[in-house]
Amino acid sequence: MAFGFMEVQLVKAKGLHETDVFAHMDPYVLLQYKGQERKSRVIHEGGRNPEWNEKFVFRVEYPGSGDQYKLNLIIMDKDVFSADDFVGQAAVYVKDLLAEGTEKGSAELRPHKYSVVRGDQSYCGEIEVGITFTLKEQEYADDDDDDAGGWKQSGF
């Protein structure tokens with residue numbers, strides 16, 4: 001089993017469905033991968049075409065438990081006086097990226113546009129993300145040094 005880091009570059013979204021009637025929506029993205037969740041910043045008055053240009057890092061093991069190698073991108077509209085509104089979601093399957101990165105040490109999916117769909121699977125815009133997977137180097141070699149938490153024990 002290999003361990004590494006998946007860096008997700010959240011670029012922008014385009015053509016999203018407006019959820020606010022009297023103002024532009026304030027979109028943000030929840031990024032989810034195998035029980036880990038990250039949240040982008042809220043783009044105040046970002047409307048239908050927000051730009052984030054943010055990076056997020058997830059810990060990854062490959063092959064790992066289960067077979068769901070899916071990055072979920074859930075777009076929400078931040079509301080002040082009520083619950084946040086669901087705008088849409090996209091899924092990026094990263095199994096091939098992880099397999100290639102495990103074999104070569106790293107792999108990259110350059111920024112690409114993915115369809116955003118509502119709960120009924122109808123199209124409601126697109127989101128652009130890039131993903132890089134980097135294999136983690138082994139931190140501690142299995143040698144006979146008496147290391148304790150990174151510190152060498154004293155001979156006294």
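Glutamate 54 is buried, at a relative accessible area of 16% (buried means under 20%, exposed over 50% and partly exposed in between, with a 1.4 Å probe and protein chains only). The model is predicted, so local features need pLDDT of at least 70 and side-chain atom pairs count only at pLDDT 80 or more, whereas totals for chains, interfaces and linings use all residues. Residues are numbered from 1 along each chain as its sequence is written, and side-chain values use heavy atoms, with hydrogens and water left out.

The partner of glutamate 54 is arginine 41, and their closest N and O atoms are 3.7 Å apart in a salt bridge (a side-chain nitrogen of Lys or Arg within 4 Å of a carboxyl oxygen of Asp or Glu). Arginine 41 is partly exposed, at 42%. The count comes to 5 salt bridges. Another of them joins glutamate 108 to arginine 110 at 4.0 Å, N to O; here glutamate 108 is partly exposed at 46%, while arginine 110 is exposed at 62%.

Lysine 113 and glutamate 126 also form a salt bridge, with closest N and O atoms 3.9 Å apart. Lysine 113 is partly exposed, at 45%.

A cavity is a set of points on a 1 Å grid over the protein atoms alone where a 1.4 Å probe fits but cannot get out, and lining residues have an atom within 4 Å of a point. The volume of the largest cavity is about 30 Å³.

Note on methods. 1 Å grid on protein atoms, 1.4 Å probe; cavity = no way out; pocket = protein on both sides within 12 Å on 5 of 7 lines; lining within 4 Å. Points joined across faces, edges and corners; volume = space filled by probe spheres on them.
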